[in-house]
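Subject: Structure handover

Hello,

I am passing a structure on to you. Please open it alongside this message.

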Amino acid sequence: RKNIVKLKNNNIAVGIAIGDDKKIPFFESLGTDFYKVLSKDIENYRLIEKLKETNKKVFVSTGLSDFDQIGQLINFISNAKNRFALIHTQLTYVVEDINLKAIPLLEEKFNIPVAFGSHAINKNVIYAAISMEPSDIFFYVKGDRITKHLDEDHAVKLSECTRMINNIRELQLAVGKGIKQKMEN
């Protein structure tokens with residue numbers, strides 16, 4: 001609770017990855033700003049319905065999904081689609097499998113914002129994703145002490161987060177507007 005208050009006092013949005021709809025009231029009481037549905041729960045319509053009722057932003061990971069499953073989700077959330085976004089992620093460490101071109105494809109096909117979620121060991125994939133203009137970027141964060149956990153290999157150290165976020169913000173400027181104009185030499 002105190003960490004959430006600290007983050008919110010620093011104007012940082014707090015989100016929760018959730019798989020149990022019974023825990024929503026608790027997180028609502030903490031002032032959660034947004035929720036993330038894990039890819040294994042993309043067809044957990046009970047959970048998604050309860051999240052719709054919060055009127056908060058909901059991100060749904062597509063890591064284990066195909067177009068049919070995503071299409072069914074889009075139909076289910078149609079009356080609240082403006083508060084939802086997909087997260088394109090591949091649950092792989094292999095750079096060749098990340099498929100960043102899926103970001104604009106998903107956005108065009110389903111007419112919904114698409115974020116990027118990184119599971120890559122090579123953290124530079126996060127920077128490469130910027131050129132696909134995801135709505136948001138998700139990456140795992142870990143403490144600086146050595147502790148082994150499921151997301152250890154692809155998590156960014158907390159002490160490196162400020163640099164990572166500043167780099168993301170600066171590199172987003174490089175994407176530009178797509179207009180080619182004559183420049184003075």
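Below is what turned up, feature by feature. Bear in mind that this is a predicted model.

**Helix 7**

Helix 7 covers residues 161-175, which makes 15 residues.

Which residues of helix 7 are buried? They are Cys-161, Met-164 and Ile-168. Seen down the helix axis, these buried residues fall within an arc of 60°, so they line one face of helix 7. The cover over them includes helix 6 (124-129) and strand 6 (137-138). Strand 7 (141-142) and strand 8 (156-157) are also part of that cover.

The face turned away from the buried side carries exposed residues. These are Thr-162, Arg-163, Arg-169, Glu-170, Leu-173 and Ala-174. Just after helix 7 comes Gly-176, with a positive phi of about 75°.

**Val-114**

Val-114 sits in strand 5, residues 114-117. Is Val-114 buried or exposed? Its relative accessible area is 1%; buried means under 20%, so Val-114 counts as buried.

Setting aside residues up to four places away in sequence, Val-114 touches Leu-86, His-88, Ile-103, Leu-106, Glu-107, Pro-134 and Ser-135. For a distance to check, take Val-114 and Asn-79. They are 35 residues apart in sequence, and their C-alpha atoms are 18 Å apart in space.

**Salt bridges**

How many salt bridges does a search of the whole structure find? The search finds four. Three of them are described here.

Asp-21 and Arg-46 meet through their side chains, at 3.1 Å from N to O. Asp-21 lies in the loop between strand 1 (15-18) and helix 2 (24-29), while Arg-46 lies in helix 3 (residues 45-52), so the pair ties together parts that are 25 residues apart in sequence. The two partners are set differently against the surface. Asp-21 counts as buried, at 12% relative accessibility. Arg-46 is exposed, with a relative accessible area of 51%.

Glu-28 and Lys-56 form another salt bridge, with N to O at 3.1 Å. Glu-28 belongs to helix 2 and Lys-56 to the loop between helix 3 and strand 3 (57-61), so this pair ties together parts 28 residues apart in sequence. Glu-28 counts as partly exposed, at 27% relative accessibility.

Lys-40 pairs with Asp-41 in a salt bridge, and their closest N and O atoms are 3.3 Å apart. Lys-40 is exposed, with a relative accessible area of 59%. Asp-41 counts as buried, at 8% relative accessibility.

**Cavity**

Rolling a probe the size of a water molecule over the atoms shows where empty space is left. A search of the whole structure finds one cavity of 30 Å³ or more. How much space lies in the largest cavity? About 40 Å³.

Which residues line the largest cavity? The lining is made up of Thr-89, Gln-90, Thr-92, Ile-98, Phe-116, Gly-117, Ser-118, His-119, Ala-120 and Val-125.

Best wishes

Note on methods. Residues numbered from 1 in each chain as written. Predicted model: local features only at pLDDT ≥ 70, side-chain atom pairs only at ≥ 80, totals over all residues. Heavy atoms only, no water. Helix = DSSP H or I, 4+ residues; strand = E, 2+ residues; numbered from the N terminus. Expected span 1.5 Å × (residues − 1). Buried < 20%, exposed > 50% of the residue type's maximum accessible area, 1.4 Å probe, protein only. Arc of directions from axis to C-beta. Contact = heavy atoms within 4.5 Å. 1 Å grid on protein atoms, 1.4 Å probe; cavity = no way out; pocket = protein on both sides within 12 Å on 5 of 7 lines; lining within 4 Å. Points joined across faces, edges and corners; volume = space filled by probe spheres on them.
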